[in-house]
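User: I would like to learn how to read helix geometry and aromatic contacts in a model. Can we go through an example?

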Amino acid sequence: MAGYEYVSAEQLAGFDKYKYSAVDTNPLSLYVMHPFWNTIVKVFPTWLAPNLITFSGFLLVVFNFLLLSYFDPDFYASAPGHKHVPGWVWIVVGILNFVAYTLDGVDGKQARRTNSSTPLGELFDHGLDSWSCVYFVVTVYSIFGRGPSGVSVFVLYLLLWVVLFSFILSHWEKYNTGVLFLPWGYDISQVTISFVYIVTAIVGVEAWYEPFLFNFLYRDLFTTMIIGCALCVTLPMSLLNFYKSYKSNSLKHNSIYEALVPFFSPCLLFILSTAWILQSPSDILEMHPRVFYFMVGTAFANITCQLIVCQMSNTRCPTLNWLLIPLFLVVMVVNLGVSSYIESILLYTITAAFTLAHIHYGVRVVKQLSNHFQIYPFSLRKPNSD
């Protein structure tokens, strides 16, 4: 497995023909963030590789996740009567979240500035973004947590899936239309949440206990914003873009089956993980919510990365992701009835396996594309320039 090649010869040939095509119509992005990023990118030295900027931003998101995992392991820290997360932690998380968002916006500009844009850079960027979804959502959850003033772990599980499907929707669009329509919700959510983290440090989590309007709590506003953005903005715009491509006869896949193939594995992941939760003899989501979220988010990231490879190489998306096979077996075992201890062992084992498998996939794909394009992933030097 150490030298396994995930990218086929057909896909490598497809990457040679790839040209980046994206559309960003978000007013916040166009008129506020892009001018800001154009200024910030000038601070970076021209020898700094764009992929290093991308990876640094991702590491900040992971750090935030780990920091709150320490101070709020079970999502009870924001509940009344519990020891709250220190105010300085919210400030650090808020600043680092905005810095990570800024780095994600600057990396592409650095690539164009240094004339080092490659398909690997885009794949690296979007691939890490797909894994960042779970880190971002789970970290935000600590603002409200669970308890009488918070959100149940199952509701957060459903909200996580709303975010995951919103993310993959834009890449499904590109798989069918050839154009990446950047979602509006991303920029709005990143700026808003960074601000909310700082506000939480100032007013304390107790401020979120009070009603926002009449009996409408802030936790309800949080839930409504995520679902409303997905149903009222992201989904309609995706369907509209798909329809426009259909009317102009520019769709890459003419059959309904081929057009919908990218959704098969994510939907199966949702069905299997939800079945595990509902059939769990020990209420696994209540016992280990953070680990369960991470397991789902990591499997989703692997599925999405394979879709991104296919869309960029103009090849067919695989119908089934192999990570779903061990998950199916685990769900079957759980359904037969196991002790709480054994079920916990199964969860931690499959989470570790998914994590190692996804890291292996990412490292090997980056290695293959680096060799193919004769570049170093974290340097602007070429191998033949040594």
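Predicted model: local features only at pLDDT ≥ 70, side-chain atom pairs only at ≥ 80, totals over all residues.

User: What span should helix 5 have, at 1.5 Å a residue?

Analyst: The 23 residues of helix 5, residues 119–141, should span 33 Å. The C-alpha atoms at the ends are 34 Å apart, which agrees.

User: Where is the kink in helix 5 centred?

Analyst: The kink, of about 35 degrees, is centred on tryptophan 131.

User: How many aromatic pairs does the structure hold?

Analyst: There are 37 aromatic pairs. One of them joins tryptophan 131 and tyrosine 135, with 5.8 Å centre to centre and 55 degrees between the planes, a tilted arrangement. These two residues are four apart in helix 5, so about one helical turn separates them. Both tryptophan 131 and tyrosine 135 are buried.

User: Why is the pair of tryptophan 161 and phenylalanine 270 edge-to-face?

Analyst: Planes over 60 degrees apart count as edge-to-face. Here the planes are at 85 degrees, with ring centres 5.4 Å apart, so the pair falls in that class. It links distant parts of the chain, since tryptophan 161 is in helix 6 and phenylalanine 270 in helix 10, 109 residues apart.

User: Are these two residues, tryptophan 161 and phenylalanine 270, buried or partly exposed?

Analyst: Tryptophan 161 is buried because its relative accessibility is 2%. Phenylalanine 270, at 28%, is partly exposed.

Note on methods. Residues numbered from 1 in each chain as written. Heavy atoms only, no water. Expected span 1.5 Å × (residues − 1). Bend = angle between axes of the 7 residues up to and from the residue. Phe/Tyr/Trp six-rings, centres within 6.5 Å; stacked < 30°, edge-to-face > 60°. Buried < 20%, exposed > 50% of the residue type's maximum accessible area, 1.4 Å probe, protein only.
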